[in-house]
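Please read the following report alongside the chain displayed below.

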Amino acid sequence: MSIGSRPALTRIVRHLPRVAVAAVAALALTACGGGADKTESKPSGESSAKSAAFPVTVEHKYGSTTIEAEPKKVVTLGLSDQDAVLALGVKPVGSVDWFKEQPYGKWPWTKELWGSTPPQIVGERDEYNMEKIAALKPDLIIAQYSGMKKEQYDTLSKISKVVAQPKGAEDYQASWQVMTRQIGKALGKTAETEKLISGIDERFKAVRDKHPEWKGKTVAVGEPFGGKYSAFSPKDPKVVFLTEMGFTTSKAYQDALGKQNIAELSSERLDVMEADRTVWLGTPESEKAVKADPLYKKLKVHQEKRDLFLPYSDPDIGAALSFNTVLSIPYAIDEVVAKLEAIK
């Protein structure tokens, strides 16, 4: 669901996409951390290589953090941080809840990686249970896709090493590449991280090469709720996913959002959502409500059938766009490209 807005919607589990499996299979086999199903012996050369990666210093919103040795027990507090950690072969022992309803071991892009050992829930979105986090005795806390406050960072720093949000970006608006690299550096897995990122970049390039007609076409992404609408920032993961396929956002859309991650719109301001492609996330019920809105019916993008409604569940497309991680992106590409191709 969008940050700081509506209640969570119903989601379901689907198969793990082949691309996601291929991207992480080798790394997943060596998963470590507090939740690992089993421990496998490793050649001494591999252990030495990992040890050589440390110490590492990671700069972030609240300063810098030096990690002296390879983390064994990791807690993730960013809403989607667990995906990159899993992709790099580490199972977080604790994570926050975002979508509700059995969030871990559920999403099709991570279900097999979690297996039978999901993390302990240590908070909801940006509200953290400090006692539960401390009880897990983590040696690293990661909070990239988060709105962690300075006072929370100070408290958590008394428990463990903390890598907070990337500096230089508004909360929830750092790119997936930057957040993945921050996580990879903190885990001492820079080389593996670059391979993951390169693989995703190649997937997006393949889409752009196949669809040069999308280059420069404008896109707007929103979500209906309670008779109103949300519009998502050009830097929000859901919009970034589409711009990496070649789309862009109009100046009017950019101006309407400013530095906000989400702008709430009344029906009278639906002109903000005019674009070559307008994408709505929600439920079948919310889709019906949007299409019944008299002011929405007046939008050119709707009249010309250039709008697209993507569900949060059945399948989990909206969730995959919201995560926009090295694991969820291949799944989202498989689901979204065909739907965009159907719009003429």
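## A buried histidine and its surroundings

His60 counts as buried because its relative accessibility is 2%, where buried means under 20% relative accessible area, exposed over 50% and partly exposed in between, with a 1.4 Å probe and protein chains only. The model is a predicted one, in which local features need pLDDT of at least 70 and side-chain atom pairs count only at pLDDT 80 or more, while totals for chains, interfaces and linings use all residues. Residues are numbered from 1 along each chain as its sequence is written, and side-chain values use heavy atoms, with hydrogens and water left out.

His60 belongs to strand S1 (residues 56-60); helices (H or I, at least four residues) and strands (E, at least two) are DSSP runs numbered from the N terminus. The side chain of His60 makes a polar contact of 2.8 Å with the side chain of Thr65. A polar contact is a pair of N or O atoms within 3.5 Å; within protein, one must be able to donate a hydrogen and the other to accept it, and residues adjacent in sequence count only if both atoms are side-chain atoms. Not counting residues up to four places away in sequence, His60 touches Thr65, Tyr153, Val162, Val163, Ala164, Gln165, Lys167 and Gln182, contact meaning heavy atoms within 4.5 Å.

Ala164, one of the residues that His60 touches, has its C-alpha atom 9.4 Å from that of Lys150, the two being 14 residues apart along the chain. Lys150 is found in helix H6 (residues 150-157) and counts as partly exposed, because its relative accessibility is 38%. The side chain of Lys150 makes a polar contact of 2.8 Å with the side chain of Asp154.

In soluble globular proteins, nonpolar side chains tend to be buried together. A nonpolar core is here a set of buried Ala, Val, Leu, Ile, Met, Phe, Trp, Tyr and Cys residues joined through side-chain atoms within 4.5 Å. The largest such core has 99 residues, of which Leu77, Phe241, Leu242, Met245 and Tyr253 touch the most other members. Helix H15 (residues 328-341) gives the largest share of this core, seven residues.

Which residues does Met245 touch, not counting residues up to four places away in sequence? They are Phe204, Val207, Arg208, Trp214, Ile333, Val337 and Leu340.

Helix H8 (residues 190-210) packs with H15 at an angle of about 10°, their axes lying 11 Å apart; axes are lines fitted to C-alpha atoms, for helices over the stretch in contact, and angles run from 0 to 180 degrees between N-to-C directions. H8 is therefore roughly parallel to H15, a term for angles under 35 degrees, with over 145 counting as roughly antiparallel, 65 to 115 as roughly perpendicular and the rest as oblique. On the H8 side the contact is made by Ile200, Arg203, Phe204, Val207 and Lys210, and on the H15 side by Ile329, Pro330, Ile333, Asp334, Val337 and Glu341. By class, this contact has seven nonpolar, no polar and four charged residues, where Ala, Val, Leu, Ile, Met, Phe, Trp, Tyr, Cys and Pro count as nonpolar, Asp, Glu, Lys and Arg as charged, and the others, Gly among them, as polar.

## Further buried positions

| Residue | Location | Relative accessibility |
|---|---|---|
| Ala231 | strand S10 (residues 228-232) | 0% |
| Gln177 | helix H7 (residues 176-186) | 16% |
| Arg125 | loop between strand S5 (120-124) and strand S6 (127-128) | 15% |
| Asn324 | loop between helix H14 (317-323) and H15 | 4% |

Leaving aside neighbours within four places in sequence, Ala231 is in contact with residues including Val221, Tyr253, Leu257, Ile262 and Met273. The C-alpha atoms of Ala231 and Val272 are separated by 8.2 Å, although these residues lie 41 residues apart along the chain. Gln177, with residues up to four places away in sequence again not counted, touches Ile197, Asp201 and Glu244.

## Backbone details and the whole chain

Arg125 has a phi near 50°, a positive value in a residue other than glycine, and Asn324, which is not a glycine, has a positive phi of about 50°. The peptide bond from Phe54 to Pro55 is cis, with omega near 5°, and Pro55 is placed in the loop between helix H2 (44-52) and S1.

The chain holds 15 helices and 13 strands, and 56% of its 344 residues count as buried. Among contacts in the chain with a separation of 6 or more, 71% are accounted for by residues 24 or more positions apart.
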